[in-house]
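Subject: Structure handover

Hi there,

Here is the structure I promised to pass on. Have a look at it, and then read on for what turned up.

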Amino acid sequence: GAAVDRGEKGDREKLVRFKGILYLTSDPAKFRAQIEGGKLADVRVEDLKAGVSTDHIIRVGDLLTENLEDLGNRVLGGMEMEYGISEGTLRNTGKEVLVAGAGLGIGSSREQAVWCLLEAGFRAVIAESFGPIFETNAAYLGLLTSTNLGLAKQIDAGKAVEFEEFVKGKDPLLKQIIRAGGLFPYLRSKPDAPKLAGSETVRPMNIWEKRLARVLRMRSIRIGEQFLLPIDEYYSYVGLSGLTRSVLFDDYGKVRRSLPADRIRLYEDHFAHSSREIIPIMTETQRRFAQELGLPQANYYRGTRREGGGVGISHRDRLENIDPRNVQVVACTDSHTPTLGALPLLPIPVGSTMGAVAIAEGKIPYTASPVLRINLTGDLPPGHSIRDAQLEMGAICKPVRTGMVVEYGGDGLSSLTFDQ
């Protein structure tokens, strides 16, 4: 999509050109004018729409598909009706850069928000700030991001911009991934495992760090260290397995698997009871995917009892049946993945792309997360459930950054059941 020029100094001076720019303005009329072929002049920061969440970029009701092209047709479908966006509106605009205000991609972690932008033809997004998970997903999938709003004027004037502008401010691992063109090109380059700076120094560690150190066979781990984390087990379900399959075909041209087949599990889950027309199609795709992966019959979980299934929800089944003596790291696309942290293992929540990486490469890039410790004391008051305590914790315990691990301690744990 983006043309590349190389300066006299080689890759360090790489320039990128884009075909067109679309300003996501707070005034719907100005946005519609661009869709109809008009061009805006002297766009100011305050003119840009702020707080555009992943729900605005792709609605919950539009997520269920196994076709990446469908996602491209649905981009920005969650915007207010005044923007006049219907299915397919943005696919044929010829614009390759989207510009927005602060907080682009905040909210839900769904990576489809990045996929739909790419499939609609966008190759870069520029915003005053980004949701952290959205920005990471963009790097993995090859969508360029920058908070330098000055680039928009250069691109709008038809000028090339330095590629390094889309690398600035990123952590070292993301920089490598972005320069490689995305997560799969990075992994295909056979990167050396990052050297762990804290590996030679023994220091007190929290539970999460101890688990990481055990898996990596290191003496200690420090927050922020980056490495390729080996995966022992992966599981997914109908809602995302089709996209994972599409990602494998898109990047490898086939279903590639290095993770042993008996370490992969696919669930039809509660989708087996859905009345939506797309679900039978997605279910058949998952069954085909299981065959392509060579899954043992015991590792495929049909959704209904009449078909020999009905074991229940995926995360609940794994919580009850996984053996942490044999499995230390679990990657899965289920939003309840952290539940498995009640067992002595590392549960890693992933999207369809990182799931494809886990299957194809048997390892995923990972950064050691900071930990928020919550100590529980006493007992639950009469008439209160663990859900009440959870809601209270949500109100008073504020993580200082996205992606923190929550660790529970204190003598209050002894008054709770394992389910609680």
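Which residue's side chain meets that of Glu 292 in a salt bridge? Arg 245 does, at 2.8 Å from N to O; a salt bridge here is a side-chain nitrogen of Lys or Arg within 4 Å of a carboxyl oxygen of Asp or Glu. Glu 292 sits in helix α11 and Arg 245 in helix α10 (residues 238–252), so the pair ties together parts that are 47 residues apart in sequence. Helices (H or I, at least four residues) and strands (E, at least two) are DSSP runs, numbered from the N terminus.

Before going further: this is a predicted model, where local features need pLDDT of at least 70 and side-chain atom pairs count only at pLDDT 80 or more, while totals for chains, interfaces and linings use all residues. Residues are numbered from 1 along each chain as its sequence is written, and side-chain values use heavy atoms, leaving out hydrogens and water.

The structure holds 23 salt bridges. Another one joins Arg 287 to Glu 268, with the closest N and O atoms 2.7 Å apart. Arg 287 is in helix α11 and Glu 268 in the loop between β10 and α11, 19 residues apart. Glu 268 is buried at 2% relative accessibility (buried means under 20% relative accessible area, exposed over 50%, partly exposed in between, with a 1.4 Å probe and protein chains only).

Best wishes
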